[in-house]
Structures are given as C-alpha cells and as structure tokens.
Amino acid sequence: MAAKPFSRRTFLKAAGVTLAAATGDIFAFNDWLAKAKAAEVSKIPSICGTCSAWCGMWIYVKNGRIWKATGQKQHPASKGKLCARGHAGIMWAYNKDRITHPMKRMGDNWFEPISWDDAYSEIAAKLQKVLTDYGPQTVFYSQNAKPTSRYYMQRFMHAIGAPTIHSHHSICSTARDVANKWTTGAMATADMANAKCILFLGRSYADGISPSATANLADARERGTKVIIVDPRYSSSCILGDQWVPIRPGTDLALLLAMAHVLLEENLYDPDFIEQYTVGFDEFKKTMLSYTPEWAAGITDIPAETIRTIARDLGKNRPASCIEQGYKAPNGANYVNGTQTFRMMICINALLGNYGKNGGMKFPLNPKLGELDPKQYPVPPKPKVPRCDGVGIKGEYPLCQTSQGIPHLMPKKAMEGKAKAGFIYSFNPARNSPDPKLMVDGYKKLELLVVCDIQWSETAMAASYVLPECSFVEREDLPTGIAGGKPAVTMRCQAIDRIHSQTKPFEEIVTGLAGKMGLQKYFDFSREEVATAMLKPLKLTTEDLRQKGTIVLDGKAKELSFATESGKVELYCKAFADNGYDAVPVWQPPLANAGKNSFVLIHGKQGIMSHTATANIPGLLQIAKNYNLERIWINPAKAKRLGIKDGELVEVSSPYTSKQVRVKVTERVHPDAAFLPAGYGNLSPWLKTGYGFGINPNDFCPHRVEAISGHAMMMEVVVTIRKVGE
Amino acid sequence: MEDITINAERYRIAIYHMLSDALKEPGKDYEGVQQKNVDFLETAFQTLQYSIDRANYQSWPELASDVSALKNDYRLSFIYPVEKRVLPVESIYRQWTFDPTVEVPFAKEKGYLMSDFALHMQALYVQYNLSIPQEYDSMPDHLCLELEFCAFLLAHESKERQAVFIKEHLSWVEELYQDAVKQDIPMFYQQVIKVIAEFLKYEMHSSEKQTA
C-alpha cells in the first residue's frame, strides 16, 4: 500500500477473538431476526410516568426491549387499561433527544457534559457557599412529587436545614386541597358507583384521563345516574353526561352560592347531618340568603330555573348525590375566587349530608406504610428557619399547605434576593406557569439551579446544572400507597436496562450529592432497605410487588370524622376569619371579564395530551397534528361578529403577548370563553418534536399568587382575537 | 493480479478505519493529519477505481486545521444543540423492529434508538467477542462502529460477509447526508459524511458486481 492514513484508536476491542465463534448463524440480519422473534417475553410491573395519573402497567419485555404495555387490572387508576399517553410514553426510553449526561451551563442554550463526580463536587461547593453566605432559608426544592423523590429529597433538604419543599400544586389543584384541609380536614371523593345524581364542575375525566375514572363515569351513566356537567366548554366528558350547562368563566362560585340558597330555602338539606357534623350553619345560612338564582343567573349566564333544577336534582337525591371533588377544574389554580369556590363545593356536599354515605363523598382509606428505624438510620432534624415562599407564615400564606408550597413564586423570590439556590425534579414550572419569561429570568438570578429530568424542558434550559434521570421504564422506585375505597400498594419495577449509561435513578443522584456534602450519615441505606421497611407493616415484601405489581389490601371504612380544628365540617371557618379571609364564602368576582369582542382565556388537557412534556412524544404530537388539536376554540356568535371563520389563522393577544394559531369555531364553548389546550407551545428548542407546534395559554397570563392558597390564577386573563392575513 | 487485489483490500480496510476515525471526537492526536488523509484517500480511491472527486475532501486540512475548533464542530454536528445536530446512528434511520409480534405503537416507526439493527450489532459483537466503549451502549449501531466493523470483517472474516453487512446495515447513510445538509452542520463533518456515503455506494456496487 503506497500511502497510509492517520489512524487513531479503534473502538471495537477484541476480547480474545476467535473466528470460530464467528461461524454462528446470526450474521445475516434475517437469521438474527428469526431467533429474536422466537425469544421469550417477560412481564414486569411498572407505573406509567407519562402523566400524573400514575396508572399501574405491565411492561412486556422481549430481547431486552419493550414489547408491549397493558394496564394492571388490580390497579385502581388503570383497571386493566392504558390511555394513548401511556402507550406512547413508554417510548421516552428510546427517544433520541433525551438528556444523556450530566450537563453544566456554559452560556445561553449552551451546556457541556461533565462527569458525575465533577457535577456533584461543583454543585456541593456552590450549595455550601449559598448555605454559608445566605442561610438554608434561601434554598428550595420543587418537584412533581413521586415516592422516591419525595423520600430522598426531603431527607436531603432537612439535612441542609432547608424547609422549602414544593409539589407542583400551585399550578394545579392547591385551592382544592387548601379548601379541603380547612373545611373537612381531608379530601373526600365522589362515590360514583352509588350516586343517583352527580354534578361535575369543569373537571373532565375523558380529557385528563385516568382510564378507570372515565370508565366509572360511563358506568354511572349506564346505571341511570344523572350526570350534570357545568363547564364553559363542551368537554370530551360531556358525551357521557345527561346535561351540559355552559357557564361564564370564573363564575362557578356564584352558581354554588345560589345552589346553596335553593337547598336552604327549599329545605333540601340534611338537618341531622348539619347538626351533628358541621359548625357555623347559622352564619352560613344567613350569608346565603342574598344569593338568589336570579342574582347568579346574571353572573353565570345560567338561567335561574336551571340553577334551581340542578340544586333540586342534588337535594332530592341526597345523600346519594354530590358535587364531584374537582381538580384543577373548576378552580384549583385558575381564578382569584378558587379557594372559596372549593369551600362552597364542600359546603354544599355537607348540606346534602352526603359525607360517608353511599353515592356521596367518601374519605379514601390509606395504607399505613412503615419507615426505617430512626435509631439505626438517623433522621435529619426538621429545619428551624422559615420557608422562603411564606407558606405557614402569618401575614404571608398562613393557610397554604407546607406539603405543597408555592413553587411558581420562587423566580420572583430569586429576583428579590430571597431565594439563592434551587433543585427542581421532574417538573417544568418555567413552561407550565404563567409568564414564562419571568420564570426563566428569575431562575437565572439564582446562584445555583439544579434540574433533574429526562428531557430538555424549559426549566432544564434555565438550569446551571442538569442531571439526567433514567426514564421510568429503566428504574425501580419506592413502593407507594394508593388511597381508595380499598387501599392498595404498588411499586414501579425496572423493566429494561438503562439505555444511556450516564443516566441514574434519582436516589443515586441524591445520595451521590449528599456524600459530597458530608451528609452520608443520613443516607447510609439502600432503596431496597427503605422499601422493605415501608412494606413491613403490611406483611408484604418487595418481591411480592415485583411479582404482582399492585396489591389491594383489606380496609374497613372508619367512623365518620373530620380532621379540622373543630372536628367538624367548617361551614364557618375560624382559621379563615383569624387570618382575615371570609369565614363563610361570599361572592368574589373573577379579575378577568370578557367584553363584547374579547374572551377569558381558559385551558385544559386533551385525552391524548397532558402537558408540554407529552407534546414531545412523536406519536401523540402526530395525532394532535392530524386532528388540528392545537386550535383555539371560540363561539360562532362572537366569531361572526369578529369576521372569523373556522380554520382561519388568528392572532390572540393579551397585554403580555400576541401569538398566532388557527381557530376552531364551535358551539361547544361559551361566547365569553376562548379555550386553548394547555399542552402545546414548547419553548425549548431542544424539545425537538414539540417545539414550534401550537401556542400555550401561560404566555398570555401574568404571574400572580392568589391570597389564600397561593395558586397561580392561570385563567385570569382576557384576550382579543383577530383574523390575520395569510 | 493477486498483489493488486491484496493491495486493494488493504486500502479498503484502511479507508473504513480512517472514515470511522473521522466520526470520533477529535483529540490532540488529530492535529495536522488531514493532509495525509487526503493524499491517502485520493490514492486509495484511484486504486479501487472509485470515482470520488478529490473536491469532496481536499479542503479537510483547512477545515480541520485547529483541533479545538474541530472539537467544537464535532459537538455542533453530533451532540448539541439538539435541534441542529444529526445522529449518525443506524437505528434512527431504520424501522424500529421487524418482529411482527411487537405491540408497541411505534414498532414500525423510524427515529428511535435500539432498533433491531442495534440489537443485531450487539449480537454480532458478542459473536465475534468484541466489546465497545460504554458511551456507545445506547447506540451500538453508531456509524463509526459499523465502519470499524466493516474493517474488522475484511481483516479477520471475509469479503463476502463484509458485503452482506454493508448491504444490510449501511444503506441509510445517504439519508444521513441529506440531514447533515439540511441541518447545515459544520462543513468538515458534512464532507466526511458525504465521502462515507459515496464510498459506501461504490462498495455496495462492487459487492453486487462480485455477487453477479
């Protein structure tokens, strides 16, 4: 050979090459395929991680790869079924755009891979500096809470003396949860199996799917349950209901006040229940007197007679009737009157005397899980400094739950210099909270932001360090209890080997960082030891769960009681009065009101799309594209006035931004509302699949914090819509 | 005649190694080597009678003169930013599985890691007692490994098997090149991928002629 190229290292290393071994029969692809087809299939229990319904799933594995997935029959959320999101979400493992290495920010939209050891060392040094210079009250942790992350990061945060731990609920359901805490002590759920009449306010099982809830709704309807759905739009659930009652956005509280008025005026409430289980009935009744259906009709745009009929339907069927507990809808984080809206829902259920009754509201039973012996495994002391989000602090957010906190407030706190370092796990507040620019600008003011995720979310793009977790099919998690009529316990098990060697399960990440912080003594155990301790009181083992996935436990309903300060349902809530809030709900108008040519911008999930995270799943996004699911819905009457036709390109504008999208003109939405699906409009260019498709309601809404429960008031915005030339 | 054939085979092995090398992250040892590579490629292609124009690779010494800049080009081409890179991985360009019993909804889609072709590569490495670096565990069908495997087959196995291998595993590289152009990745790597695609066309044609 006359010339030779430069030759460097070879990657294929021979481990004692013997060509005799090369005479096997799989060299040709088809020969290999024939063998691969005949391989055995194994079945591993898991928990779907695509949305927060966390359905139990079986993952079937063949040749080390996912072969199919089905719903676990015994799991209360899946009951043998998975939705499209579950089937599509398992492909996250094989997505080519995952985060594959620990990454360090080097500039705008620029990160470089670093080793885990360097990442731990640098993060530990920066965190230590923040703790020394500013104190542990300036450090926060925000998560979409999962059993493993909750357990390990709570220990870590307590070990560094930092109390500010958040779940995602301030942009989801925190108004519901705060209202329940202070009104009944805990959240009860509707007994759909036995209800004769059930009222849904906004919540759509068929859009924010858990398969069992949707099936239960269909079953209820078939059994003859009257299903009334009040919603500014005709959601996918309405086909399973008897009656759709369109309502003006943000006015559910007025409807509820008037319904209470009718129940009281027509003696359609349960005096015995009121006597035995509630406090403040007289003040409550007095307050409700002025809220007539005629008054509410003007506010809600629901005819007075319809309001009366709904109240009577519930009242006459009591106690086997209820208002479903809600979630983000109608008002978990949407309007200024959110917390009191939920208090009124609960108060009406109390008027119906349905708590603990068949067909009414029942408190789910929780399995009691164990924990590690603190004598053998030291538990870090609870932090003594105040939280930096003001939760639990008089004068700030005294009634908001410390288990939830106000994560979307942190960027503002960073701008004020009150938050200096943060950890965010499996949560994307930079995209899923109002005012994404403020969120990113605030996060970038932090001296340290560590984000742990599997894909390049908008929040990850704002981080100083990004730590890659392995996807949910590649890891085992701690067991988790499932509350319900019968409690259950389940555990996600590892279905396939880690595809990217530099990704890690979360407990390894936290333990590694704790080691660098000198906190190893609080993490001197394995996940298996924690899991074993959790299951011990149930007389179960991790092997039991690896075999069965979900195990339903025996459970007997307890005697009815309410874990409030008074021990009763607080129609009048003293804690609210003590903190300057209305002790009995009164009408509070929403901040946003549609005009003749403007709309209140409402949003919601779709059956195939939960959040902007799911928009990056190619199969789901293709469905969205095929069916034009990104379009903004407006009512024909207003569309005609604005000269807008179905399918045209429009510009949607609020005082905060203007964006373009195509329009769906439909009678399925109240004239005062424009409905925009919440799952599109990815801003991170590294979410290659979802980037550039659709727009997101959070872009139009300002950053706000509601006074009582601290939610984000995500639908308090008015938009104008105009046709644009193409 | 035999000498010419042997010489040609050596050239082919060396080309596969050289082109595989070009797809690995450049280190300091990659400094100042491109002129040698250009001269080699020209001679090698002439010897093999592959009409791949020198214009396709003659600017490599210029484009790769600064190794730290080339390292940056490598990152831009294959790592970050995600929206502008290409992934020279067979799985991305092939149907995920041909096993008709697989029930995941993306079974027949393209664009996912660890397709049948990745699994087949893993099986081939096992069969030949070869190991790959850990960072390639998620992509055992990376182009640099498949090119190196071609060299391995020519050196240690047989021309026939190498011909089967390129036919079954390397038909997607032209698509990769189209993506590289579309994404406008740095020119050195666009040209490397183009030369690989051109070379493989001749290789496939040559093996078909032999079979015929």
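Two strands count as paired here if DSSP finds at least two bridges between them. With that in hand, and bearing in mind that this is a predicted model, take strand 18 of chain A, where A:Pro468 stands opposite A:Asp453. That pair belongs to the link between strand 17 (residues 448–453) and strand 18 of chain A, which run parallel and are joined by four bridges.

Strand 18 of chain A also has an antiparallel partner: two bridges join it to strand 5 (residues 103–107) of chain A. On that side, A:Tyr465 is the bridge partner of A:Lys104. As for the side chains of strand 18 (residues 465–468), A:Tyr465 and A:Leu467 point one way, A:Val466 and A:Pro468 point the other way, and all are buried.

## A four-strand sheet in chain A

Elsewhere in chain A there's an open sheet of four strands, in the order 12-11-10-14, with parallel pairing. Strand 12 (243–245) and strand 14 (321–323) of chain A sit at the edges with a single partner strand each, so one side of each has no neighbour in the sheet. From one strand to the next, the twist averages 15°.

Inside that order, strand 10 (residues 197–201) and strand 11 (residues 226–230) of chain A pair in the parallel sense over five bridges. One pairing to look up is A:Leu199, whose bridge partner in strand 11 of chain A is A:Ile228.

## The largest nonpolar core

In soluble globular proteins, nonpolar side chains tend to be buried together. Here the largest nonpolar core runs to 295 residues, and those with the most contacts inside it are A:Met259, A:Ala260, A:Ile348 and A:Ala674. Helix 7 (residues 252–265) of chain A gives the most to this core, with 11 residues.

What does A:Met259 touch once its neighbours within four places in sequence are left aside? A:Met259 is in contact with A:Ile307, A:Ile310, A:Ala311 and A:Ile348.

## Chain B on its own

Chain B has nine helices and one strand. Reading from the N terminus, its elements go α-α-α-α-α-β-α-α-α-α. The radius of gyration of chain B is 17 Å, close to the 17 Å that the globule rule gives for 212 residues, so chain B is as compact as a globular protein of that length.

Along the principal axes, the C-alpha atoms of chain B fill a box of roughly 50 × 45 × 30 Å. Of its 212 residues, 48% count as buried. If you take contacts in chain B between residues at least 6 apart in sequence, 62% of them join residues at least 24 apart.

## Where the chains meet

Across the interface, 60 residues of chain B are in contact with 53 residues of chain A. On the chain B side, the elements giving two or more residues are helix 1 (2–22), helix 2 (34–48), helix 5 (116–127), strand 1 (130–131), helix 6 (143–156) and helix 7 (159–169). Helix 1 of chain B gives the most, with seven residues. By class, this side of chain B has 32 nonpolar, 13 polar and 15 charged residues.

The chains share strand pairing too. Strand 1 (residues 13–14) of chain A and strand 1 of chain B run antiparallel and are joined by two bridges. Strands of a sheet pair through backbone hydrogen bonds, either parallel or antiparallel.

Definitions and conventions: Residues numbered from 1 in each chain as written. Chains lettered and ligands numbered in written order. Predicted model: local features only at pLDDT ≥ 70, side-chain atom pairs only at ≥ 80, totals over all residues. Contact = placed C-beta atoms within 7 Å. Nonpolar A, V, L, I, M, F, W, Y, C, P; charged D, E, K, R; others polar. Buried ≥ 20, exposed ≤ 12 C-beta atoms within 10 Å, placed from the backbone. Axes fitted to C-alpha atoms, helices over the stretch in contact; angles between N-to-C directions. Rg over C-alpha atoms; globule rule 2.2 N^0.38 Å. Core = buried A, V, L, I, M, F, W, Y, C linked by C-beta atoms within 7 Å.
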